[in-house]
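Hi everyone, thanks for coming. I'd like to walk you through one protein today, so please have a look at the screen.

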Amino acid sequence: MPSDHRLSSGSSSASIGVTVLGATGTIGVNTLDVLARHPGRFHVVALTAQRNHQRLLEQCQVHQPEYAVMTDRAAAEQLRTELRRLGLPTEVLVGEQGLCEVAALPQTHYVMAAIVGAAGLLPTLAAARAGKRVLLANKEALVMSGQLFMDEIARSGAELLPIDSEHNAVFQCMPPNFAQGLESVGVERILLTASGGPFRNLPLEQMHEVTPEQACAHPNWVMGRKISVDSATMMNKGLEVIEACWLFATTTAHIEVVLHPQSVIHSLVSYTDGSVLAQLGNPDMRTPIAHALAWPERLSSGVAPLDLIATGRLDFHYPDRDRFPCLRLAFEAFETGGTATAVLNAANEIAVEAFLARSIRFTDIARIIEHTLAELTPGPADTLERILQADQQAREQARRLVHDIGHH
Ligand code: NAD
Ligand code: MG
């Protein structure tokens with residue numbers, strides 16, 4: 001079905017077709033919230049989820065996409081039956097191939113990449129290859145594939161817009177020609193802010209007793225379980241350092257992590273003349289989502305204006321390296337290069353899953369990642385096959401370690 005039959009009211013420009021990968025997650029739901037505020041400007045082409053067919057069905061009722069993709073076969077069958085019962089025309093596709101298909105459809109102009117973890121790599125890459133505007137939330141995809149991903153973006157002419165609040169903030173504080181190289185545009189450093197998560201002040205000797213419930217209760221943001229645990233270990237910030245290196249073509253030497261417990265400044269860029277530009281706002285992902293959907297224009301997002309007086313004060317601290325070993329591991333993996341960051345990411349995914357399943361302790365997460373990195377020799381990350389192989393080997397190694405130190 002051609003998409004240009006849907007014209008925005010009061011304007012002659014055609015409505016923009018959007019595919020939301022990971023529609024049922026925190027980012028997916030926030031994306032649909034912003035899209036629904038601008039019905040003339042956008043329409044939903046496809047929605048995807050792993051297995052939550054009830055929520056995907058509700059989203060299909062509201063947004064009437066052409067396609068819905070479920071990676072779980074039984075869930076896809078359920079969704080198909082329920083759509084038919086309601087007389088809805090949405091076509092259901094299954095599996096990873098379906099995800100890649102809806103990321104590359106000609107009537108899709110923008111792809112929100114909001115699947116969590118390595119599962120998002122192939123569909124996000126498919127969107128990049130097809131030259132879409134890629135709204136990147138799925139940082140793990142970029143951490144795994146780095147150069148390869150950036151090369152695909154450059155080759156296809158795709159637009160890459162960061163959704164991660166820090167990177168979106170950095171993007172907003174950069175000059176438009178930053179891709180020429182940060183040095184040539186006068187940028188000295190990128191300062192990534194971090195809340196420090198829920199255990200910033202917990203006595204160190206209590207860190208090993210932390211439960212999944214405590215780890216998932218983030219002080220400032222509501223997020224999926226995996227990224228919540230990553231925020232508690234600060235692996236999230238580690239992944240974000242790597243993400244920033246690729247997005248802004250720089251190295252860890254030009255990136256600094258600053259603890260900022262209020263999560264009001266989302267990140268900063270420091271220039272050679274002493275200027276420091278920051279982006280501020282309430283911690284609500286609809287701001288970066290609306291920014292990336294509208295760029296270079298601006299759109300309303302539903303986010304309340306920032307009340308500086310109520311905010312009162314902004315604090316900054318150095319992150320505690322002993323408390324957050326994952327941060328060091330991420331810096332080291334990027335500096336090692338090649339497949340080391342894919343190994344880091346895969347070991348982290350397995351360790352976080354095991355922690356959430358109560359098979360290992362919170363403090364075992366970093367140990368498992370460190371041991372996996374030590375066991376596997378990194379190689380070049382120049383082909384998708386090599387990256388996926390490193391990911392697989394790291395998962396197997398990390399699973400063995402989980403099994404060895406498992407508490408239950
Ligand atoms: P979430 O767990 O809430 O949602 C994940 C989505 O991915 C769901 O729709 C789920 O169905 C889908 N999914 C999960 N596993 C899948 C698989 N194997 N195959 C296909 N689909 C699968 O996660 P989230 O918090 O929305 O985060 C999504 C991504 O955005 C992550 O990469 C995260 O790091 C990033 N991110 C999130 C936030 C946030 O505030 N939540 C902020 C910045 C970046
Ligand atoms: Mg972030």
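Let me begin with a question: which residues line the largest cavity? They are S165, N168, W221, H266, Q279, G281, N282, P283, D284, T287 and P288. By a cavity I mean a set of points, on a 1 Å grid over the protein atoms alone, where a 1.4 Å probe fits but cannot get out, and lining residues have an atom within 4 Å of a point.

Before going further, a word on what you are looking at. This is a predicted model, where local features need pLDDT of at least 70 and side-chain atom pairs count only at pLDDT 80 or more, while totals for chains, interfaces and linings use all residues. Residues are numbered from 1 along each chain as its sequence is written, chains are lettered from A and ligands numbered from 1 in the order in which they are written, and side-chain values use heavy atoms, with hydrogens and water left out.

Back to the cavity. About 60 Å³ of space lies inside the largest one, the volume being the space filled by probe spheres set on the grid points, which are joined across faces, edges and corners. Its lining has three nonpolar, seven polar and one charged residues; here Ala, Val, Leu, Ile, Met, Phe, Trp, Tyr, Cys and Pro count as nonpolar, Asp, Glu, Lys and Arg as charged, and the others, Gly among them, as polar. Helix 7 (165-173) and helix 11 (286-294) each supply at least two lining residues. Helices (H or I, at least four residues) and strands (E, at least two) are DSSP runs, numbered from the N terminus.

Now, helix 11 itself. Eight of its nine residues are buried, buried being under 20% relative accessible area with a 1.4 Å probe, protein chains only. Among the elements covering those residues are helix 1 (26-36), strand 5 (110-113) and helix 7.

One of the buried residues of helix 11 is I289, and M112 is in contact with I289, as well as with L21, I27 and L135, among others. Contact means heavy atoms within 4.5 Å.

M112 is also among the residues with the most contacts inside the largest nonpolar core, which has 129 residues. Such a core is a set of buried Ala, Val, Leu, Ile, Met, Phe, Trp, Tyr and Cys residues joined through side-chain atoms within 4.5 Å. Helix 14 (residues 340-356) gives the most to this core, with 10 residues.

Finally, the domains: domain 1 (16-163) and domain 2 (337-406), with bounds from an automatic or database domain assignment. Their centres, taken over C-alpha atoms, are 27 Å apart, and the contact takes 11 residues from each of them.

Conventions. Buried < 20%, exposed > 50% of the residue type's maximum accessible area, 1.4 Å probe, protein only. 1 Å grid on protein atoms, 1.4 Å probe; cavity = no way out; pocket = protein on both sides within 12 Å on 5 of 7 lines; lining within 4 Å. Lists of a residue's contacts leave out its neighbours within four places in sequence.
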